[in-house]
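Please walk me through this structure, one feature at a time.

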Amino acid sequence: MRGWIIPPPKAPTKSAADYERERRAKVRSLEAQGLLKSARIKAALLKVRREEFIPREYRDYAYDEVPLPLPGEQATISCPHSYPLFYEPLGLERGHRFLEVGTGSGYGAAVAREVVGHEGLVVSIEIDPLTYEFARHNLQHMGYADVLLVLGDGALGYPPAAPYDRVAFTAACPDFPAPLIAQLKPAGRAIAPLVEDDRQILTLLTKEPGGVRREKLCPVLYVALRGTYGC
Ligand SMILES: C[S@@+](CC[C@H](N)C(=O)[O-])C[C@H]1O[C@@H](n2cnc3c(N)ncnc32)[C@H](O)[C@@H]1O
């Protein structure tokens, strides 16, 4: 993964109290940076124990601003700041039907599940069978068995649960895939790291009556999307 230095694997040394302290400190720092604003996203980040979604040998780094390797090909759990970075501009809220492309560890799906609540729905699609199994185990273990997990190419979306209010791509792609725009509700929003030349720009799409509107947010660095609409 160009641009990120992954820390060395090691046996975990931290206690539940250490993680709790780090989780609270991380939330304070995300607020201070202006990345975290909404009360629901804050409550979700305080509730979901990120360390439980990370392989044992990387668990001590759970709250460090670095992506960490997961079982599977090129799979990572994104940096902690990624979640408010994506969910705040999306305006993810209680009751939304949310689709995540790239389940990874399952952490992002669990945070989203807390935000949308029981009135909403989280569907998450993962292309790598090993990563999918890892996420499935984590989500069940942590009490999020109601997240609808799908093994497949997320760029094709998941028509049985469409339409969606919000869609997030956690892997970089050349553009928003047409099937997903079709599965978005009117006024729905999608967010994705889009590849432009040799960089990636986090881009927010809003579905409008006459088409779509795109807004460039900031440069980012994520793993490449695989499959039909990949890089
Ligand atoms: C940055 S990671 C996801 C991090 C995840 N949100 C989390 O909280 O751990 C990106 C994931 O996208 C997956 N992926 C890549 N291309 C995909 C595709 N076409 N459909 C579904 N998943 C894909 C990768 O296997 C990887 O697990």
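Cys231 is exposed, because its relative accessible area is 60%; exposed means over 50%, buried under 20%, and partly exposed in between, with a 1.4 Å probe and protein chains only. Cys173 counts as buried, at 0% relative accessibility. Cys231 is in no disulfide, and the nearest cysteine sulfur, that of Cys173, is 6.6 Å away. A disulfide here is a pair of cysteine sulfur atoms within 2.5 Å. In general, a disulfide is a covalent bond between the sulfur atoms of two cysteines. The structure holds 0 disulfides.

A word on the source. This is a predicted model, in which local features need pLDDT of at least 70 and side-chain atom pairs count only at pLDDT 80 or more, while totals for chains, interfaces and linings use all residues. Residues are numbered from 1 along each chain as its sequence is written, and side-chain values use heavy atoms, with hydrogens and water left out.

Now to the sheet. In what order do the 7 strands of the open sheet stand? The order is β5-β4-β3-β6-β7-β8-β9, and the pairing is mixed. Strands are DSSP runs of E with at least two residues, helices are runs of H or I with at least four, and both are numbered from the N terminus. Two strands pair if DSSP finds at least two bridges between them. In general, strands of a sheet pair through backbone hydrogen bonds, either parallel or antiparallel.

The edges belong to β5 (148-151) and β9 (211-220). Each has a single partner strand, so one side of each is left without a neighbour in the sheet. From one strand to the next, the twist averages 15°. Strand β4 (residues 121-126) runs parallel to β5, and 4 bridges join them.

Helix α4 (residues 107-116) touches β3 (97-101) and β4; contact means heavy atoms within 4.5 Å. The direction of α4 makes about 165° with that of β4. Axes are lines fitted to C-alpha atoms, for helices over the stretch in contact, and angles run from 0 to 180 degrees between N-to-C directions. Helix α5 (residues 129-141) lies across β4 and β5, and it runs at about 165° to β5.

Next, the aromatic rings. The structure holds 6 aromatic pairs. Rings of Phe, Tyr and Trp (its six-membered ring) pair if their centres lie within 6.5 Å; planes under 30 degrees apart count as stacked, over 60 as edge-to-face and the rest as tilted. Phe53 and Tyr107 have ring centres 5.8 Å apart and planes at 65°, so this pair is edge-to-face. It links distant parts of the chain, 54 residues apart: Phe53 is in the loop between α2 (39-47) and β1 (68-69), and Tyr107 is in helix α4. Both residues are buried.

Tyr107 also pairs with Tyr83. Their ring centres are 4.8 Å apart and their planes stand at 90°, so this pair is edge-to-face as well. Tyr83 sits in helix α3 (residues 82-90), 24 residues from Tyr107. Tyr83 is buried too. Ring pairs link Phe53, Tyr83, Tyr87, Phe98 and Tyr107 into a cluster.

Charges meet rings as well. Arg50 lies over the face of Tyr107, at 5.1 Å from the ring centre. The charged end of Lys10 sits over the ring of Tyr61, 5.5 Å from its centre. The test asks for NZ of Lys or CZ of Arg within 6 Å of the ring centre and within 35 degrees of the ring normal.

Arg49 is in the loop between α2 and β1. Arg49 counts as partly exposed, at 38% relative accessibility. Leaving out residues up to four places away in sequence, Arg49 touches Arg23, Tyr63 and Met142.

Last, the backbone. Most residues other than glycine have a negative phi, and most peptide bonds are trans. A cis peptide bond joins Ala162 and Pro163, with omega about 5°. Pro163 is in the loop between β5 and β6 (164-169). Gln74 has a positive phi, near 60°, and lies in the loop between β1 and β2 (76-77). Gln74 counts as exposed, at 53% relative accessibility. Asp197 has a positive phi near 55°. Its loop runs between β7 (184-196) and β8 (199-208). Asp197 counts as exposed, at 78%.
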